[in-house]
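Biologist: Could you walk me through this structure? I have not seen it before.

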Amino acid sequence: MSDPVTPDAPDAALPPSLRLLKWLVILLTLSMIGAVITVVWLLVTRMPHSLAGSGPDLPENLTLPEGARPAAVTFGAGWTAVVTTDDRILIFDANGVLRQEVTISLPPGP
């Protein structure tokens with residue numbers, strides 16, 4: 001007498017609908033693993049400066065006043081604006097000469 005085929009046996013045939021579902025689950029798992037790897041790779045390669053905690057890169061010809069640290073840099077046609085961490089906006093011309101300084105004063109909060 002031969003042994004009956006049990007459901008746990010490796011050679012037990014799955015119904016076609018379950019076989020399709022099994023492959024769909026495997027495909028979904030692989031695509032989710034690929035998506036997580038892609039998101040981590042993008043975060044590491046696209047934001048190295050923000051993860052390191054350093055400020056933005058300044059053009060070579062700009063010299064900030066003593067004690068000023070850049071928080072943001074904006075480039076315009078013939079000028080560069082640097083927002084500092086001490087609430088100032090410094091406007092430089094194309095040659096790196098400071099043209100204007102604006103102090104930001106916010107109204108008191110609620």
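Predicted model: local features only at pLDDT ≥ 70, side-chain atom pairs only at ≥ 80, totals over all residues.

Biologist: In which strand does threonine 80 lie?

Modeller: Threonine 80 belongs to strand E2, residues 79-84. Helices (H or I, at least four residues) and strands (E, at least two) are DSSP runs, numbered from the N terminus.

Biologist: And what is threonine 80 in contact with?

Modeller: Setting aside neighbours within four places in sequence, threonine 80 is in contact with Leu62, Val73, Thr74, Phe75, Leu90, Ile91 and Phe92. Contact means heavy atoms within 4.5 Å.

Biologist: Where is leucine 62, then?

Modeller: Leucine 62 is in the loop between helix H2 (48-52) and E1. Leucine 62 is buried, with a relative accessible area of 9%. Not counting residues up to four places away in sequence, leucine 62 touches Thr80, Val82, Phe92 and Gly96. Leucine 62 and alanine 94 are 32 residues apart in sequence, and their C-alpha atoms are 9.3 Å apart in space.

Biologist: Back to the strands: what is their order in the sheet?

Modeller: The order is E1-E2-E3-E4, in an open sheet of four strands with antiparallel pairing. Two strands pair if DSSP finds at least two bridges between them. E1 and E4 are at the edges with a single partner strand each, so one side of each has no neighbour in the sheet. From one strand to the next, the twist averages 15°.

Biologist: How many bridges join E1 to E2?

Modeller: Six bridges join strand E1 (residues 70-76) to E2. Within this pair, glycine 76 stands opposite tryptophan 79. The two strands form a hairpin with two residues between them, and glycine 78 in the turn has a positive phi of about 90°.

Biologist: What about E2 and E3, how many bridges there?

Modeller: Five bridges join E2 to E3. Threonine 80 stands opposite phenylalanine 92 in E3, and alanine 81 has isoleucine 91 as its bridge partner. Their hairpin has three residues between the strands, with aspartate 87 in the turn at a positive phi of about 60°.

Biologist: Why is E3 described as largely enclosed?

Modeller: Five of the six residues of strand E3 (residues 88-93) are buried, so E3 is largely enclosed by the rest of the structure. Five bridges also join E3 to strand E4, residues 98-103, and phenylalanine 92 stands opposite leucine 98 there. In the hairpin of E3 and E4, with four residues between the strands, glycine 96 takes a positive phi near 90°.

Biologist: Changing topic: is tryptophan 23 buried or exposed?

Modeller: Tryptophan 23, which lies in helix H1, counts as exposed because its relative accessibility is 53%.

Biologist: And leucine 14, where is that found?

Modeller: Leucine 14 is in the segment before helix H1 (16-46). Leucine 14 counts as partly exposed, at 39% relative accessibility. Apart from neighbours within four places in sequence, leucine 14 is in contact with Arg19 and Lys22.

Methods. Residues numbered from 1 in each chain as written. Heavy atoms only, no water. Buried < 20%, exposed > 50% of the residue type's maximum accessible area, 1.4 Å probe, protein only. Axes fitted to C-alpha atoms, helices over the stretch in contact; angles between N-to-C directions.
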